[in-house]
Amino acid sequence: MSTKNCIQRYSMVLLTVCLVLLVCPAAGHAQKALKPIKTALKEKKYSDAVKQIAELRKDSLYRNDEKLCEYAIEAQRGLNDAQNTKLYLKQPYDTAAFFNTTHQIIAEAVRLDSIEQAALDNEGTKPRQQRLVQDMLRTYFKNLNAGARYFYRQGKYAQAMPLLREAVGVMLSPLGERTLPSEQRSPALVSKQAALYLSAAYRTQCWDEVHRYEVQAMLDSGLRDHLLECLAFTAEARKDTAQYLHYLTQAWEDYPTRQPFFLRLTDYYLQQHDYARVLTLCDRQLEVDTLRTAAYVARCNALLNLRRFDEVVATAEQLQQCDTLCAEAYYYMGTADAALGAMVSLPKDARSAAYKQAHKKQQIYYRKAMESIEEYRRRMPDDKARWAPLLYQLYLWLNEGKKFEEVERLLQ
């Protein structure tokens, strides 16, 4: 053998020895770190194993360790089986713990698959635990969806969210597509779980999460009106006026019989002093022939602000015919009549026939206004801020001494 070949062979042997020396301590350290977890699992101390796994994952060296995922799956299955056994034996069991461990089994399986897929993409290392991952999804995924719905129905929205997010994420992922049967990832199931997630995120004020599965959620026709409400109110909470109006308008157009949508839309434009827009909305709502009371009230409000007092009276009369119990009709009718009375022009000569005629006309307006506002007071005694100042002025104009003194004391 030539001297050159000897040197090359010696170099290769030396390199191999160096690699072994580098790898063995790391492998030995890993074995040592994992040993307490293996012991806990062997002794069926699954809760201890879960705690040790969580502690070990704080070290970045083990955060994406495949073996740790396998141990985590084993530990969570042990905890899940314990609750399942209690259920089978008709013993008291912890439903929340059963569903939460179900979630953790799926989450660990997804994590393991993600680690192996990354290794495949980066290093060409073939996945070793595909069978385990697939078995876990096929065995436990139904219970994951059931657990999500259980927490949601219980009103435990914060607890429902992680399960719902995991479920929708799996159904939309390549892993779910290649693992789950079609009925467990059907478009109807995806949209239902996504809708519950959107609703739960809104109810827990997790504004950033509300839109995560919005596209899928809006395909659920059964909850769509509720979801539009969630989206509109989320935009309002985030002070996003454009989105608030977008979702609210969409909600009202799609569900014109839902009063909150119409009321919030007209309230917004009233606050913006866009009274023409309010009148347009009211006209369209009246064409639908629903929510007539709300439409007439909003119309009265807009017309009053536009100082179209004759139309206010006419609309208030329509409101009375539509809803005899609505107190608002009396308020708007009285306010408009009082304004019409104040607009009557009185000639300068108080002794002239023209003055007497104008004064009589004015008094008729004021008395009609007084009767309407007094009726409003009877129906809405606690709304003193609206009726008291107006009655004070009307009693003064009509020279109603005793009534004037009573309202004056109330205002004081």
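## Salt bridges

A salt bridge is a side-chain nitrogen of Lys or Arg within 4 Å of a carboxyl oxygen of Asp or Glu. In this predicted model, Glu-70 and Arg-128 form such a pair, with their closest N and O atoms 3.6 Å apart.

Arg-367 is partly exposed, with a relative accessible area of 33%. Another salt bridge joins the side chains of Arg-308 and Glu-311 at 2.8 Å. Arg-308 is partly exposed at 33% relative accessibility, and Glu-311 is partly exposed at 32%.

## Aromatic rings

A search of the whole structure finds 14 aromatic pairs. One of them consists of Tyr-197 and Tyr-213, which are arranged edge-to-face, with 5.5 Å between centres and 65 degrees between planes. Because Tyr-197 lies in helix α8 (residues 187-203) and Tyr-213 in the loop between α8 and α9 (214-217), the pair ties together parts that are 16 residues apart in sequence. Tyr-197 is buried at 1% relative accessibility, and Tyr-213 is buried at 11%.

The rings of Tyr-392 and Phe-404 have centres 4.7 Å apart and planes at 35 degrees, so this pair is tilted. Tyr-392 lies in helix α18 (residues 384-397) and Phe-404 in helix α19 (residues 401-411), so the pair ties together parts that are 12 residues apart in sequence. Tyr-392 is partly exposed at 26% relative accessibility, whereas Phe-404 is buried at 16%.

## Charges over rings

Aromatic rings also meet charged side chains. The charged end of Arg-264 sits over the ring of Phe-233, 3.9 Å from the ring centre. Arg-386 lies over the face of Tyr-331, at 3.7 Å from the centre of that ring.

## The surroundings of Asn-80

Asn-80 is part of helix α3 (residues 66-88) and is buried, with a relative accessible area of 2%. A polar atom of the Asn-80 side chain lies 2.9 Å from the backbone oxygen of Phe-98. Leaving aside residues up to four places away in sequence, Asn-80 touches Phe-98, Thr-101, Thr-102, Ile-105 and Tyr-140. Phe-98 also forms one aromatic cluster with Phe-99, Tyr-150 and Phe-151.

## Helix α15

Helix α15 (residues 309-322) has 14 residues, which should span 20 Å at 1.5 Å a residue; its end C-alpha atoms are 20 Å apart, in agreement with that value. Within α15, the residues Phe-309, Val-312, Val-313, Thr-315, Ala-316 and Leu-319 are buried. The elements that cover the buried residues of α15 include α14 (292-305) and α16 (328-343).

Terms used:
Residues numbered from 1 in each chain as written. Predicted model: local features only at pLDDT ≥ 70, side-chain atom pairs only at ≥ 80, totals over all residues. Heavy atoms only, no water. Phe/Tyr/Trp six-rings, centres within 6.5 Å; stacked < 30°, edge-to-face > 60°. Helix = DSSP H or I, 4+ residues; strand = E, 2+ residues; numbered from the N terminus. Buried < 20%, exposed > 50% of the residue type's maximum accessible area, 1.4 Å probe, protein only. Lys NZ or Arg CZ within 6 Å of the ring centre and 35° of its normal. Polar contact = N/O pair within 3.5 Å; in protein donor to acceptor, adjacent residues only side chain to side chain. Contact = heavy atoms within 4.5 Å. Expected span 1.5 Å × (residues − 1).
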